[in-house]
Amino acid sequence: MPDIASRPRATPEGVHPFPHRHLTGIQGLQPWEILFLLDEAEQWIALNRGSANARHDNRLAGLTQINAFFENSTRTLLSFEIAGKRLGADVVNMAVAQSSVKKGETLIDTAVTLNAMHADVIVIRHEASGAVDLIADKVDCPVLNAGDGRHEHPTQALLDALTIRRRKGRIEGLTVAICGDVLHSRVARSNILSLTALNAEVRVVGPPTLIPAAIERMGVSVHTDFDEGIAGADVVMMLRLQRERMAGAYVPSPREYHALYGLTAERLKRAAADALVMHPGPMNRGVEIDSAVADDPERSAITEQVEMGVAVRMACLDVLTRKRRGVEGWA
Amino acid sequence: MSPLAILNGRLVDPAGGLTDGGLLIANRQIAAIGAFDVPADAERIDAGGALIAPGLVDMGVFAIDIPAFVAGGITRAALMPDQSPPLDDAALVQRAAAAGKPNVWIHPVAAATRGLAGTELAEIGLMKAAGACAVATGRSWIADSGVMHRLLAYASALDLLVISNAEDGGLADGAVMTEGETATRLGLPAAPAVAEAIAVARDLALAEETGARLHFRKLSTARAFDLVRAAKRRGVRVTCGVDPAHLFLSDIAVGPFLTFARLSPPLRAEEDRRATVAAVADGTVDVLCSAHDPQGPEAKRLPFADAAPGMAGAATLLTLTLGLVRDGVIDLPRLFALLSANPAQLLGLPGGGLVIGGEADVILVDPDAPWRIDADTLPGAAGNTPFDGLPVQGKVLKTIKGGQPLG
């Protein structure tokens, strides 16, 4: 969408700040809607950093939040659970073994079942692209996408944008290099959508076998040379490469991948002097990223990303349930 | 049975042209064409200016779906071997051949290999004797070039047409879309479009080597058409088909994960769609087929990559391809050559034309009647069409099989 850069950053006069029922992706969000969610998240950062008995808000009290995770996850599930509980929601986790519920009407049936239990918000992760959209069509309550296949992971993109904004003071005009397995990454897709919408210059960097076709049509430049790709970058965002994809299928070996595409302290010197290093986790230390870089508090924002994750998810849960809660201006 | 006189229509002869007139049917055959004396005992149908055309011969359907065929003006359908169990045995072929009678006639296509596994040749000769009109690789591609070579050589001796599915298995493995912006945005596994041309190139080389008759069931890319065009010029005995989806839709039709648009081969880029239309216009394409594959919600109401490929196409094949005539791509007689005469001739079946003494497989068509394609009310076993909601023109008014009006 070439015209996105010219759209306003601030919510235009008379326009609702966030008119969407669900959050299934960054696709379809206006720049000001993305920024609205980031602004909303700021208040929760302060609350989360507060003393033990102050880390609580009751605005979602009495509401039922179901986390339906059809794909294994530790961090994201935990983050959504904490976010819901900090807002006072009754949080229920439904971890579905991949083998039992995967195909058939079962997915729709599960959606109908969840709906019949009168959930107030459903958070879904599924291994198939588009699965969350499918479920969102079938339920009456807001649905939050916690990652669907290779498609989207909107809250990750929001927490990344928030992290960048806090560390760099802005997003507009920054150069962000997204490096590694872009092909299989929903994190990459959602980040490309949000960062280009917010006027950052986005590069994708990785071996040609892990760069999806026509990705430049999403408004990014493509680099297969790692050094060239991160040269002068303000943010170096590393992606996780799954073990099974390192052994000959997409790249010859972890060793070769590290040699060509691993982020080392030496390599990082090619980026801007104050470049920020990010990773959605979990990391393969010594493969896509060296510990020396990942653990450098000056450069690495990796633990901060986790912290922003809770705040962003609190903001999303709050905003999406406002209509149900009858908040003025949202009902 | 008394003779049937269809009067006051416009006759579409695939071999000739378009003339005003009527048709007399007696003893299941066409007895007179044009102007004739109506016998006193004849039943009369006033066509009211509608087209009188040969019934469609649908070259490659996946299900026996008589209501859809009748609604679509299809009087004969070649049934793909991808059944459960696969049509790899003479007895199964014989049973399938009887399934549609006396209405729409089903002409089974024999599986090229046992279980369609692509490794051992099936009893092709015995299946031919049992009524198979051709032999096919089914939905899949025979990966082993040695097997494909032997298949073409063997079928050539039996003078059986070999119908190939042109998709390189290695490239297409696991893919549900064509590589491109849409697949990338949706995060769906995709194969490069060249997977088709690679398969076409190999099969063409082997057909040229063996002298076999080769037909590509559905082609959809510019490069594949270029290869077929060049091979035809060299005198290779090759033909190819296309379907309406790849003529009128590109991969953006997948939109927000619409599983009705999950097809095999997958929808292509706009340039390839245009090349498909151009290949119809310049005569590279020999056959228009529906690839009718009705799938219910249990196969389609799934995440995109888990959904079964295929679309219900029989009821809309003629309606949609009439658009080619309106757009000036081809004329009406050529349309019915692609829909009726050519497939009949390739499969060695009677019908497909309007000739005195020929089978009275005839349809009446109003080429302008407007309607809207609706998945929920589409005639047939299921309404999984990517054209759902599309306003269209052209409707089959009557389908007559062997002189007998159906439906």
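Guide: What follows is a set of questions about a predicted model, taken label by label.

Visitor: Why are Phe36(A) and Trp330(A) called a stacked pair?

Guide: The structure holds 3 aromatic pairs over all chains. In the pair of Phe36(A) and Trp330(A), the ring centres are 6.0 Å apart and the planes stand at 25°. Rings pair if their centres lie within 6.5 Å, and planes under 30 degrees apart count as stacked. Both conditions hold for Phe36(A) and Trp330(A), and the pair is stacked.

Visitor: What makes this pair a tie between separate parts of chain A?

Guide: Phe36(A) belongs to helix H1 (residues 31–49) of chain A, while Trp330(A) is in the segment after helix H12 (322–325) of chain A, so the pair ties together parts that are 294 residues apart in sequence.

Visitor: How do you know whether Phe36(A) is buried or exposed? And what about Trp330(A), buried or exposed?

Guide: Buried means under 20% relative accessible area. Phe36(A) has 14% relative accessibility and therefore counts as buried. Trp330(A) has a relative accessible area of 14%, so Trp330(A) is buried.

Visitor: Why is the pair of Phe226(A) and Tyr261(A) called edge-to-face?

Guide: The ring centres of Phe226(A) and Tyr261(A) are 6.3 Å apart and the planes are at 75°. The limit for the centres is 6.5 Å, and planes over 60 degrees apart count as edge-to-face. The pair is therefore edge-to-face. Phe226(A) lies in helix H7 (residues 226–230) of chain A and Tyr261(A) in helix H8 (residues 254–261) of chain A, so parts 35 residues apart in sequence are tied together. Phe226(A), Tyr257(A) and Tyr261(A) form one aromatic cluster.

Visitor: What makes Phe226(A) count as buried, and what makes Tyr261(A) count as buried?

Guide: The test is again a value under 20%. Phe226(A), at 2% relative accessibility, passes and is buried. Tyr261(A), at 9% relative accessibility, is also buried.

Visitor: How do you know that Arg139(B) lies over the face of Phe62(B)?

Guide: Arg139(B) is at 4.1 Å from the ring centre of Phe62(B). The distance limit is 6 Å, and the charge must also be within 35 degrees of the ring normal. The distance meets its limit, and Arg139(B) is listed as lying over the face of Phe62(B). In chain B, the charged end of Lys395(B) likewise sits over the ring of Trp371(B), 4.9 Å from its centre.

Visitor: Why is helix H2(A) called oblique to H11(A)?

Guide: The axes of helix H2 (residues 75–86) of chain A and helix H11 (residues 302–320) of chain A come within 8 Å and cross at roughly 55°. That angle makes H2(A) oblique to H11(A), because angles under 35 degrees count as roughly parallel and those from 65 to 115 as roughly perpendicular. H2(A) passes H11(A) in a right-handed crossing. The residues that meet include Phe80(A) and Ile82(A) in H2(A), and Val306(A) and Leu317(A) in H11(A).

Visitor: Where is Thr319(B), and why is Thr319(B) called buried?

Guide: Thr319(B) is in helix H12 (residues 317–326) of chain B. Its relative accessibility is 6%, so Thr319(B) counts as buried, the cut-off being under 20%. Leaving out residues up to four places away in sequence, Thr319(B) touches Arg326(B), Trp371(B), Val392(B), Gln393(B) and Gly394(B).

Definitions and conventions
Residues are numbered from 1 along each chain as its sequence is written. Chains are lettered from A and ligands numbered from 1 in the order in which they are written. This is a predicted model: local features need pLDDT of at least 70, side-chain atom pairs count only at pLDDT 80 or more; totals for chains, interfaces and linings use all residues. Side-chain values use heavy atoms; hydrogens and water are left out. Helices (H or I, at least four residues) and strands (E, at least two) are DSSP runs, numbered from the N terminus. Buried means under 20% relative accessible area, exposed over 50%, partly exposed in between (1.4 Å probe, protein chains only). Axes are lines fitted to C-alpha atoms, for helices over the stretch in contact, and angles run from 0 to 180 degrees between N-to-C directions. Angles under 35 degrees count as roughly parallel, over 145 as roughly antiparallel, 65 to 115 as roughly perpendicular and the rest as oblique. A crossing is left-handed if the near helix is turned anticlockwise from the far one by less than a right angle, and right-handed if clockwise. Contact means heavy atoms within 4.5 Å.
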